[in-house]
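Reader: I'd like to go through the charged pairs here. Can you put the structure up?

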Amino acid sequence: MISVDKKLTLSQFYEIIFKGESLDIEPEVLRVVEESHTFLKEFAANRVIYGVNTGFGPMAQYRIQNEDTNQLQYNLIRSHAAGTGDVLSLLHVKAAMLTRLTNLSKGKSGVHASVIELLKELINRNIIPVIFAHGGVGASGDLVQLAHLALVLIGEGEVIYENERRPTMAVFEEEGLKPIEVVVREGLSLINGTSVMTGIGIVNYCYASKLLDWSIWLSCAMNEIVKAHDDHYSPSLNTVKLHVGQNRVAALMQEHLMDSQLIKKREDDLYSGNNQEDVFKDKVQEYYSLRCVPQILGPILETIEQAGKILEDELNSVSDNPIISVEDQNVYHGGNFHGDYISLEMDKLKLAITRLTMLSERQLNYLMNAKINGLLPPFVNMGKLGFNFGMQGAQFTATSTTAENQTLSTSMYVHSIPNNNDNQDIVSMGTNAAVIANRVIVNAFEVLAVQIIAVRQAIDILNYQNLVSSKTKAVYDEISEIIPAFSDDKPLYPAIQQVKEYLMN
């Protein structure tokens, strides 16, 4: 069980969201939340506080009478539950819920403790609100998406429970749960923040990290297949460039290929003085997609890690407005709901993953094109050339999916559109950025799935099963259980999907 205390790390987040680890709330957290709630009730009694006794957004100029302040919070939630498009995945919504809980647990929002308690119960019991992909502009936070979360917390809307979409109250009654208490500003506190974009962003970060690992694995296996020289990932070559990412990728390649019987040393091959050919049969230098892997994947590694840092900071921040400060005995109005940090990181992340996808597509093309590799039959075809087709069709899929990623990499961060009577005159589009980055990441897994099947085929064609490194062999064996070597034509889509799931999970 993981307790929410002062800080939730990305590794703890991963355990809860991906591994189903249960969640608990430290008593000190509940004390701080309750103290903030009590202070706000007293402080707002004779003061004008945005979203407590005023309207919202451009309607903030209108005072709300005391007898209407409670209904105001319900009106806000219901009116903003206006999302459209695909329903967000259970993983994404659960991540958003955990992010919102973490934000509110800081005691800077003035919410009733029942909000924290109910969010915890929903997460632990896998009762997941129905939230739609379209709606957030990412500036007053994820208003529309979070309104659908808040709708469930007040006992309305819909949830997905045990793989069934059902009315919220029906599930609450079965599980013995009660809606939250709306007292001061629970509605605004729940919908005002970056929790959806941040939650999806952390899921993206976790998957992007896996993609990088697989891309390094594939690049190592590719170098084995072509019997590459080892100097392009050597410390002597890479340390003269000072980039941390490049040197780490090179070190990972060196570790992976340490026990390979296929990698050549240039000293033994081209520097020995024994090679007297006028035209060299083997390549003196490999193609860039094989030789420049540390330089290509290095900046991708650094981009992923930077995204992780920003996401962890946002996860443990307060993305609300106004901010309740018990310490100062004051309430501060500002813009902590603005999603620019996440929007920019998601744009950078999808650029990096698109680049990773492009590397995979080029390496796949190398395997497919016999004129380039000079080692393998066209399309790693183990059948009769002309009669059988190998992975020709699968390459089309990888190429078109890579092209889609290139198109999706257009920035959302610079696509601000003023709205809300120009109150929100510059917005982050962070939720869109996170959702689109997720699509790029899923696409990348599909391309890598095609490539890894082709690599498995190539190893069999060349009879390298017992010559590749132990790290290559371990994965080769697992992929072979999903799709053994094939020469006859058959539909490949089931295997591609299975391999994709293997790579993701």
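Author: Glu 158 is partly exposed, its relative accessible area being 33%. Keep in mind that this is a predicted model.

Reader: And which residue does Glu 158 form a salt bridge with?
Author: With Arg 165; the closest N and O atoms are 2.9 Å apart. Arg 165 is partly exposed too, at a relative accessible area of 44%.

Reader: How many salt bridges does the structure hold?
Author: There are 23.

Reader: Next, Arg 166. Buried or exposed?
Author: Arg 166 has a relative accessible area of 15%, so it counts as buried, the cut-off being under 20%.

Reader: What does the side chain of Arg 166 meet in a salt bridge?
Author: The side chain of Glu 174, with an N to O distance of 2.4 Å.

Reader: Changing topic: helix H19. How many residues apart are Lys 473 and Asp 477 there?
Author: They are 4 residues apart in that helix, which covers residues 470-482, so about one helical turn separates them.

Reader: What are the relative accessible areas for Lys 473 and Asp 477?
Author: Lys 473 comes out at 23% and Asp 477 at 32%. Lys 473 is classed as partly exposed, and Asp 477 is likewise partly exposed.

Reader: Last one. Which residues are linked in a network of salt bridges?
Author: Glu 117, Lys 120, Glu 121, Arg 125 and Glu 175 are linked that way.

How values were computed. Residues are numbered from 1 along each chain as its sequence is written. This is a predicted model: local features need pLDDT of at least 70, side-chain atom pairs count only at pLDDT 80 or more; totals for chains, interfaces and linings use all residues. Side-chain values use heavy atoms; hydrogens and water are left out. A salt bridge is a side-chain nitrogen of Lys or Arg within 4 Å of a carboxyl oxygen of Asp or Glu. Buried means under 20% relative accessible area, exposed over 50%, partly exposed in between (1.4 Å probe, protein chains only). Helices (H or I, at least four residues) and strands (E, at least two) are DSSP runs, numbered from the N terminus.
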